[in-house]
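Hi there,

Here is the structure I promised to pass on to you. Have a look at it first, and my notes follow below.

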Amino acid sequence: MKSIRNHKEALEQALRLALTAPNSDKAKECLGIALHFSRELLSVDVEAITKKIALEFDLTEFELSSIRKGVE
């Protein structure tokens, strides 16, 4: 795994971890971390990263909206 160099990469990784977490408690924890990083970024950057992750995981619009709520 490559090292995380900035808040954008940290947000991406936190979202990936949330989506692959072994249970809902861990997923919520990762979303909390993602929220922390998203607050350091412009909303357009958060949206772009969210869309990137949605494509990577082939998420439905409903699943994508759930992630958006977690990082707003």
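Let me begin where helix H3 ends: H3 is followed by Asp58, whose phi is positive, near 50°. Asp58 is not a glycine, and its place is the loop between H3 and H4. With a relative accessibility of 67%, Asp58 counts as exposed (exposed means over 50% relative accessible area, buried under 20%, partly exposed in between, with a 1.4 Å probe and protein chains only). Helices here are DSSP runs of H or I with at least four residues, numbered from the N terminus.

Before you read on, please keep in mind that this is a predicted model, where local features need pLDDT of at least 70 and side-chain atom pairs count only at pLDDT 80 or more, while totals for chains, interfaces and linings use all residues. Residues are numbered from 1 along each chain as its sequence is written, and side-chain values use heavy atoms, with hydrogens and water left out.

Now to helix H3 itself (43-57). Its 15 residues should span 21 Å at 1.5 Å a residue, and the end C-alpha atoms are 21 Å apart, so the two agree (the expected span is 1.5 Å times one less than the number of residues). The buried residues of H3 are Asp45, Val46, Ile49, Thr50, Ile53 and Ala54, and they pack against H1, H2 and H4.

Which residues does Thr50 touch? Leaving aside neighbours within four places in sequence, Thr50 is in contact with Leu15, Leu64, Ile67, Arg68 and Val71 (contact means heavy atoms within 4.5 Å). Thr50 counts as buried because its relative accessibility is 1%.

Arg16, in helix H1, is also worth a look. Is Arg16 buried or exposed? Arg16 is buried, because its relative accessible area is 19%. Not counting residues up to four places away in sequence, Arg16 touches Lys52, Ile53, Glu56 and Phe57.

Next, the core. The largest nonpolar core has 13 residues, and those with the most contacts inside it are Leu11, Leu15, Ala34, Leu41, Val46, Ile49 and Val71. A nonpolar core is a set of buried Ala, Val, Leu, Ile, Met, Phe, Trp, Tyr and Cys residues joined through side-chain atoms within 4.5 Å. H1, H3 and H4 each give two or more residues to this core, and H3 gives the most, with four. Leu41, for its part, is in contact with His7, Lys8, Leu11, Val46 and Ile49, once neighbours within four places in sequence are set aside.

The largest pocket holds about 190 Å³ of space. Its lining is made up of Leu15, Ala18, Leu19, Ser24, Ala27, Lys28, Leu31, Leu59, Glu63, Ser66 and Ile67. Helix H1 (7-20), helix H2 (24-38) and helix H4 (61-71) each give two or more residues to that lining, and the largest share, four residues, comes from H2. On a 1 Å grid over the protein atoms alone, a pocket is an open set of points where a 1.4 Å probe fits, with protein on both sides within 12 Å along at least five of seven lines, and lining residues have an atom within 4 Å of a point.

Last, the segment after H4 is the place of Glu72. Glu72 counts as exposed, because its relative accessibility is 68%. Glu72 and Leu17 are 55 residues apart in sequence and 17 Å apart in space, C-alpha to C-alpha.

Best wishes

Conventions
Grid points are joined across faces, edges and corners, and a volume is the space filled by probe spheres set on the points.
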